[in-house]
Structures are given as structure tokens and as C-alpha cells.
Amino acid sequence: MSSDKQWMYNRMRGGYLNPKFVDGVNVFVQFAISQPEWTDGPRIRCPCSMCKNRKFLEIENVKLHLVQKGFVPDYYEWRFHGETTTRRNYEQGEGHTSAYATESLGPYHTMVMDAGGPDLDFDTMEESPNPIAKKLYEMLQAADQALWPGCEKHSQLSAVARLLNIKSEYHLPERCYDSLLEFMKESLPQRNTLPENFYDTKKMVEGLGLLVEKIDCCERGCMIYWGVDSALKCCKLCGHPRYKSRRRESTKHKGDVPYKRMYYFPLIPRLQRLYASKATAKDMRWHDDHDKEDGVMHHPSDSKAWLGLCTDGFQPFGQSGKQYSCWPIIVTPYNLPPGMCMKEPYMFLSVIVPGPNNPKHKIDVFLQPLIAELKHLWEVGVETYDVSQKQNFQMRASLLWTISDFPAYSMLSGWSTAGKLTCPHCMEYSDAFSLPNGRKTS
């Protein structure tokens with residue numbers, strides 16, 4: 001393909017659609033449909049600024065989206081449509097490019113390469129990564145290992161990523177997944193590297209380090225069985241038992257079943273991953289590199305704290321009529337540029353507060369693991385490897401603000417949002433009054 005693709009971001013000219021842009025869109029579509037291994041039948045990925053290569057659409061719809069919204073930023077290399085990729089050397093001051101052929105690589109192989117890149121040479125790095133980062137890079141280097149000798153379309157890691165995506169999308173049971181792997185291993189050449197079963201698959205991807213903690217809770221929301229209380233068998237406040245009682249022994253469920261369980265996604269590994277990936281490491285330093293004006297705050301990073309926390313409840317089973325209130329807690333890093341920090345990939349789901357009831361003032365019980373991590377990040381910090389600078393540093397973070405509606409504000413802050421002192425700004429100076437008949441507060 002021609003290296004001159006400036007037309008991609010010159011959509012309008014003089015208030016009208018640029019003819020060169022229209023011709024370029026037609027060239028792009030013709031190229032995309034000529035790569036059948038990257039299409040979904042008659043559909044191709046839409047690279048417009050809204051779809052961002054996540055959706056497969058009909059050809060005419062893709063053209064319409066591109067004309068209306070333009071291309072996703074910085075998509076000069078059509079890597080999601082089968083174009084041979086040329087990787088730039090990320091080192092500052094070097095103007096040459098390092099090319100490697102990916103003519104036959106699929107999107108899951110590309111996903112792995114975008115995370116770490118194939119040119120991770122520990123011997124040439126200015127400072128060796130810390131053990132956690134090194135473990136990640138060693139796993140990503142497994143993407144260079146073919147699924148079997150001579151395989152050009154998939155590596156072991158990209159094949160596993162594809163299989164896990166299929167399992168999640170179609171809700172495959174574990175036994176079905178194991179049977180599918182068994183059949184695939186029988187069909188592939190003998191020296192293939194495909195895992196034996198779902199257990200081996202999970203052990204392989206554990207190297208990513210983005211684990212989830214399942215923490216038992218009191219059914220009434222009084223406490224969580226975490227930290228020094230992790231071994232308790234009943235609630236230390238209300239005495240409610242931790243596990244459900246069994247009428248008879250079951251061979252299917254060998255472990256104890258808790259009444260309620262919350263899910264916690266540790267924040268530190270996810271922040272470290274942003275610095276470990278070449279795709280985001282440089283953007284994580286935007287807060288320090290961008291132009292600032294003394295005394296003027298244009299962005300949260302112009303202050304001294306750059307994490308935001310937000311929460312709100314929702315009804316996951318609302319259409320079925322079942323009342324169940326679930327509360328996700330989301331943390332956002334404001335180190336990133338404005339165009340990235342509010343995007344879905346960088347809004348970290350940290351806590352899922354289970355239902356069925358609204359936690360109300362007890363929500364702080366479920367925030368304990370997150371608060372402990374935030375305190376550690378503020379007081380001590382963690383050693384983190386910045387791949388763009390090729391050096392380790394002590395990462396620290398602090399919470400800038402919380403974002404929520406008024407009822408959730410009451411839960412997070414402990415301030416009552418009902419009655420005469422509803423307004424946290426006016427407090428006792430409020431002009432609130434009660435209606436004489438209905439007794440409702442203004």
C-alpha cells in the first residue's frame with residue numbers, strides 16, 4: 001500500500017467533502033474486501049471514529065460512517081484489515097523503522113503485539129524490568145511461538161485469546177470447552193502447543209496478572225471476610241453465618257457456599273499495565289509533558305491528584321421484573337490525555353457490590369480493599385516499569401474526587417442528602433423549609 005495516506009484525515013475541504021477522501025475510502029474498502037481472512041463474510045471492520053474497528057458492518061454502512069465521522073485517529077497502518085504492519089522504534093531520537101512481517105497474522109496476534117511488542121530485548125534495555133513486568137513481557141514473547149511448526153496465522157497465545165473470547169461470547173460450559181480443545185488437539189499436527197483443557201488455559205493467561213479477588217460478605221452487608229477477618233465463620237457484628245447450611249453431602253460442590261460474595265479487581269496491577277504497554281506508556285506521562293499555564297487549571301492533571309472514583313446502582317434483571325440492585329465502583333486515571341481518560345478501556349471496574357438490596361450507608365464496608373490500595377499508593381507506592389522510558393520508578397497515586405448523583409453522594413460521603421441540611425455547601429445557612437400540609441422539604 002502507498003505510504004501517503006494523508007487523505008485519511010483531510011475529509012473536508014472548503015466546507016465540502018474532499019473528493020480525494022472519497023476516492024481514498026473506495027481504495028480502502030477494495031483493499032479490505034481483498035483480505036477475506038480479516039472479514040466476516042460480506043462485512044468488514046468499521047474504522048470510523050465511533051466504531052473504532054470494534055464492529056463488523058456492511059460495506060455501504062462502513063462508507064457512510066467514514067464519510068460522516070472520519071477515520072479513527074492515527075490509523076495509517078490498516079492492521080485490523082490485513083495490511084502488512086511496520087512498527088516504529090519507540091526509542092527517542094531514532095528515526096529509523098523496524099519492520100517485521102505480519103501478513104498472515106490475525107487480529108488476536110495483533111492484539112498481543114500491541115500490548116508489548118515483539119522487540120523486547122532485556123539485554124539492551126537501560127534498566128531491566130522489575131520481576132512483575134518481566135514476567136508479563138516473557139509471556140507476551142510467547143506470541144512469537146507458532147501454534148505448530150509452520151503455522152503462520154496463529155500463535156499459542158493468540159489462539160488461546162480467541163478460544164476464551166468464544167467461550168465468553170457464547171457462554172460455553174467448561175466441559176464443552178474441554179471437549180472442544182480435545183477435538184482441536186486431535187485435528188492439529190502432533191507438535192502443536194494448544195493447552196489440554198480449561199485449567200491449563202487459565203494457568204497460561206494468569207501471567208497477565210489481572211486477577212479478580214472473590215471476597216465473601218455478610219448477607220446483611222455488615223462486614224466482609226477480608227484481611228484479619230478472612231478466617232471468621234460468622235459475622236462479628238450480627239452473628240449471621242458465613243456459609244449456607246447443607247441438608248446432605250453433595251459430591252458436586254465440595255467447598256462451602258457463602259451467602260453473599262463481592263468481586264474486587266485490584267487497581268495497582270491495572271495501573272502498572274498502562275506503563276508496561278507501549279501503546280499507553282507515553283500517554284501516562286501526558287500529565288507532566290503537556291503545556292501548562294501557571295494558576296490556570298485546564299485538566300485534572302494540572303492539580304496534584306489524578307484519580308477519580310464514580311459509582312451508581314443499576315438493575316441487571318430489570319426486564320424480568322426481579323428487584324436486584326448492583327453497584328459497580330469505577331476508577332479513572334487522569335494522567336491520560338482528555339481524549340483517552342474518559343474512554344471505556346481506561347475506566348477500571350474495581351468493585352462490584354452485590355445485591356439484592358441497596359447497600360446505602362454500608363457501601364464503605366465493600367470499599368475496604370480499594371481504600372487499602374489507595375492508601376498504599378499514597379503512602380508507600382509500588383515499583384513500576386515504564387517501557388517508554390525503559391526504567392523503573394516508584395508509582396504513587398491519590399484520589400482527586402468522586403463522581404456520582406446525589407443519592408450516591410450521600411452513600412460515599414456519609415452526608416445526609418435529606419432534610420433541611422441537604423445541601424453540603426450551604427449546610428445550616430440553607431433557606432430550606434417544610435410544606436405545612438405535606439411535610440415535604442423544599
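**Overall fold and selected local features**

The protein chain contains 13 helices and 14 strands, taken as DSSP runs (helices H or I of at least four residues, strands E of at least two) and numbered from the N terminus. The model is a predicted one, in which local features need pLDDT of at least 70, side-chain atom pairs count only at pLDDT 80 or more, and totals for chains, interfaces and linings use all residues. Residues are numbered from 1 along each chain as its sequence is written, and side-chain values use heavy atoms, with hydrogens and water left out.

Of the 442 residues in the protein chain, 39% are buried; here buried means under 20% relative accessible area, exposed over 50%, and partly exposed in between (1.4 Å probe, protein chains only). Among contacts (heavy atoms within 4.5 Å) with a separation of 6 or more, 53% involve residues 24 or more positions apart. The chain exposes about 26300 Å², and carbon and sulfur atoms supply 53% of this area, as computed by the Shrake-Rupley method with a 1.4 Å probe, only the protein chains shown counting as cover for residues.

We can turn next to the charged pairs. The structure holds 6 salt bridges, each defined by a side-chain nitrogen of Lys or Arg within 4 Å of a carboxyl oxygen of Asp or Glu. One of them joins the side chains of Asp-216 and Arg-242 at 3.0 Å, N to O. This pair links distant parts of the chain, with Asp-216 in strand β7 and Arg-242 in the loop between β7 and β8, 26 residues apart. Asp-216 is buried at 6% relative accessible area, and Arg-242 is buried at 8%. Both residues belong to a network of salt bridges that also includes Arg-261. The loop between β7 (213-217) and β8 (260-264) also holds His-240, a buried residue with a relative accessible area of 12%. The side chain of His-240 makes a polar contact of 2.9 Å with that of Glu-219; such a contact is a pair of N or O atoms within 3.5 Å, where within protein one must be able to donate a hydrogen and the other to accept it, and residues adjacent in sequence count only if both atoms are side-chain atoms. Beyond residues up to four places away in sequence, His-240 touches several others, including Tyr-225, Cys-234 and Cys-235.

A salt bridge between Asp-229 and Lys-236 (2.8 Å, N to O) brings together a buried residue, Asp-229 at 15%, and an exposed one, Lys-236 at 53%. Arg-285 and Asp-386 form a further salt bridge, with their closest N and O atoms 3.4 Å apart. This pair also links distant parts of the chain: Arg-285 lies in the loop between α8 (267-276) and α9 (286-289), Asp-386 in strand β12, 101 residues away. Both Arg-285 and Asp-386 are buried.

Strand β13 (residues 391-395) contains Asn-392, which is buried at 15% relative accessible area. Its side chain makes a polar contact of 3.2 Å with the side chain of Asn-130. In the loop between β12 (382-386) and β13, Lys-390 has a positive phi near 55° and is buried at 13%. Lys-360, in the loop between β11 and α11, likewise has a positive phi, of about 50°, but is exposed at 52%. The loop between β11 (348-353) and α11 (363-366) also holds Pro-356, whose peptide bond from Gly-355 is cis, with omega near 5°.
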